[in-house]
Amino acid sequence: MTTPSVPTAQDRFEETLYPGWRQVFAVDRVVHREQTEHQDLVIFESPVFGRVLALDGVIQITEGDEFMYQEMMVHVPIVGHGSAQRVCIVGGGDGGCLREALKHPGVAPTLVEIDAGVVEFSKQWMPAIGKTALEDPRARIVIADGVDFMKTSGETFDVIIVDSTDPHGPGEVLFTQDFYADCHARLSERGILVTQNGVPFTQGDELTTSWNRLRGAGFADVSFYVVPVPSYVGGFMTLGWASKDPANRGLDAATIESRVAGLDLATRYWTPDIQRACFALPKYIQDLMR
């Protein structure tokens, strides 16, 4: 295994997630670094991306571009549903998805995070992303294993958002067909499940596997939608979409506009036009849905 890059002031950080391909960040300052029980963790400040969190040499989130990912994870399913009230976010201890969900006044969000330390760590070291949301009294935070929660909870949700790491190590259990089926059981009649699904140009097998597992979990409509996140190199990132009601996808412009009329979503990426356009998939992604 390649030793993770260790940035220092006036240095650079090299991410080597993919063999033969690297991205390099200039580093203004190392904010925090520790070797946890399971991984090497570093937060540094970049002149382009602001604060950046990396685990074992792999970029996880940056202040500069996280809004693209968070907005698309949250607003697409909530607007697609049209009357969502109970929204569950699995993972997402940084508070970014929670922040976006709280912009919808009719939504009561629940965050299920396996490690309370992630929440406290995020509030301390990356407060600009979600500290306010994590401390908002409207947010319910449950410290529990997301897999166990979906399997044993008797609660029902209109939207479930799985803000997970890639399907390796601890995050692998959030990509199984059994987990997707448990999410299906926790969803209301018109419910929607959204998942993080990687960059298909470099992680194509991940998309194909998720496509088949989501379809095997009983959903009436399964697809993907796209968002570019610059720090996740390789082109479009895909987000998995699984709905009990096919009508939740492919809404016309008038319906979308009516659903967000009067709301102050204050988005920087999501728009009503993006709500429709993001489901138009490039051919190379369509070819992975087999």
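**Close-up views of a predicted model**

**View 1. Strands S12 and S13 run antiparallel.** S12 and strand S13 (residues 236-243) pair in the antiparallel sense over eight bridges; strands here are DSSP E runs of at least two residues, helices are H or I runs of at least four, and both are numbered from the N terminus. Two strands count as paired if DSSP finds at least two bridges between them. Look for Val226, whose bridge partner in S13 is Thr238. This is a predicted model, numbered from 1 along each chain as its sequence is written, with local features needing pLDDT of at least 70, side-chain atom pairs counting only at pLDDT 80 or more, and totals for chains, interfaces and linings using all residues. Side-chain values use heavy atoms, with hydrogens and water left out.

**View 2. The open sheet has seven strands.** Its order is S9-S8-S7-S10-S11-S13-S12, and the pairing is mixed. Strand S9 (140-143) and strand S12 (221-228) sit at the edges with a single partner strand each, so one side of each has no neighbour in the sheet. From one strand to the next, the twist averages 20°; axes are lines fitted to C-alpha atoms (for helices, over the stretch in contact), and angles run from 0 to 180 degrees between N-to-C directions.

**View 3. Helix H7 (residues 204-215) has a buried set of residues.** H7 has 12 residues and reaches 17 Å from its first C-alpha to its last, close to the 16 Å expected at 1.5 Å a residue; that expected span is 1.5 Å times one less than the number of residues. Its buried residues include Leu207, Trp211 and Leu214. Buried means under 20% relative accessible area, exposed over 50%, and partly exposed in between (1.4 Å probe, protein chains only). The buried residues of H7 pack against H6, S11, S12, S13 and helix H10 (283-286), where contact means heavy atoms within 4.5 Å.

**View 4. His32 lies in strand S3 (residues 29-35)**. His32 counts as buried because its relative accessibility is 16%. Its side chain makes a polar contact with the side chain of Glu34 (2.7 Å); that means N or O atoms within 3.5 Å, and within protein one must be able to donate a hydrogen and the other to accept it, with sequence-adjacent residues counting only if both atoms are side-chain atoms. Leaving aside residues up to four places away in sequence, His32 touches Leu41, Val42, Ile43, Phe121 and Trp125.

**View 5. Asp56 has a positive phi, near 50°, without being a glycine**. Asp56 is in the loop between strand S5 (50-55) and strand S6 (58-62). With 38% relative accessibility, Asp56 counts as partly exposed.
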